[in-house]
Amino acid sequence: MTDIELYRKAKFFGKNALLWRRKFMGLLPEVQRRRLYEKRGFGSIFEFSFKLAGLSEEQVRRVLQLERKFEGVPVLKELLESGAVSVNKLARVASIATVANQEDLAEAVRVLPKSAVETLVRDERFQKSNGLFKPQIEVKSVPGHLNLDEKVVGRLLELQGKGIDLNAMMMEMLDRREQEIAEEKVAIAEDLPETQSRHVPVRTKKVLRKEHGTKCSIASCRRPAEQLHHTQTFALSHRHDPHYLAPLCKEHHILAHSVNLKVWERRVEAIS
C-alpha cells in the first residue's frame, strides 16, 4: 500500500467515523427519554455513551442541553436528532435561534464552515445589541478610540484655542470626503465597459480603499478585507461597478456566497 492509498483510507474512515458519531449523538435525547441505558444495564446515559461511542460527559450534556433549547425550533431540532449537522455548529446558533429564523440558520449550518457560522452569529448579536436589524453590507464602523499623531492633536488643540469649532470643521471635512468619493464612483461607473474578466481595475480598487480603508466593510467586523465581493452578480452584469463592490474578510465573503440567496435578499443591501 502506497502512502497516497494509506492517506485516502485514513481520510475516508475518519470522515465516516465523524458522521456515525454525529448520528449516535442525535439518538441520545430519545435514549434519555426512554431511559434505554437502564434497560440495557448501564448505570447512566454517560456510561452508555462512553462505552458505545467514546463520548465524554461534556459532549453528552451538550447534546441534551441543545435538544431542550431547540424544543421550540423544530427545524434545528431535526438537524440535531438526525445527525445531519455537527453539534458544535448547532451549539453556536442556539443562542440566536427563533421560530422566524430557524430555516435560515438551518441553511447556514448546512453549508457554512464553523468559522463562518461564528461570524454569522456575532453579526446577529451585534445587530440586536444596536436595537435594529442592519444590512450586512454596511459602510459605518464600530465606535472606537482615535489613534491620532501627536502633531495632529497639537494642531487641533491650537485651532480649538483660537475658538474654532472642531466638531463643525471635522464634519465639514468628512462630508467633503464622502462627496468626493461619491463623485469619483459615479465617474468610474459612467466609463465602465462590460467585461468577461474578473480582474477589478486599479482605479476601482483605489476608490474602494479610500472609502473603506483596509478593513472588512461589515459594520461589526474588524478583520482585514481579503476579497472584493460583487453585491450585484458579476455573471449577470459583467461590470465592476464600485457602487456594487464591497471589501470583505474571508468569513464574510464565504457568507455572501454560501448562504441561500433568499437569505441574503433579506440581509444584504447593495452599497450606494
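Buried here means under 20% relative accessible area, exposed over 50%, and partly exposed in between (1.4 Å probe, protein chains only). Keep in mind that this is a predicted model, where local features need pLDDT of at least 70 and side-chain atom pairs count only at pLDDT 80 or more, while totals for chains, interfaces and linings use all residues. Residues are numbered from 1 along each chain as its sequence is written, and side-chain values use heavy atoms, with hydrogens and water left out.

Let's start with the rings. Rings of Phe, Tyr and Trp (its six-membered ring) pair if their centres lie within 6.5 Å; planes under 30 degrees apart are stacked, over 60 edge-to-face, and the rest tilted. The whole structure has 3 aromatic pairs. Phe12 and Phe13 make an edge-to-face pair, because their planes sit at 65 degrees with the ring centres 5.5 Å apart. Phe24 and Phe48 are stacked, since their planes are at 20 degrees, with centres 6.0 Å apart. That pair ties together parts 24 residues apart in sequence, because Phe24 is in helix α1 (residues 3–34) and Phe48 in helix α3 (residues 45–53). Helices are DSSP runs (H or I, at least four residues), numbered from the N terminus.

| Residue | Relative accessible area | Class |
|---|---|---|
| Phe12 | 51% | exposed |
| Phe13 | 53% | exposed |
| Phe24 | 15% | buried |
| Phe48 | 6% | buried |

Ring pairs also join Phe24, Phe42 and Phe48 into a cluster.

Now for helix α5 (residues 74–82), where Leu76, Lys77, Leu79 and Leu80 are buried. Gly83 follows α5 and has a positive phi, near 75 degrees.

Terms used
Helices (H or I, at least four residues) and strands (E, at least two) are DSSP runs, numbered from the N terminus.
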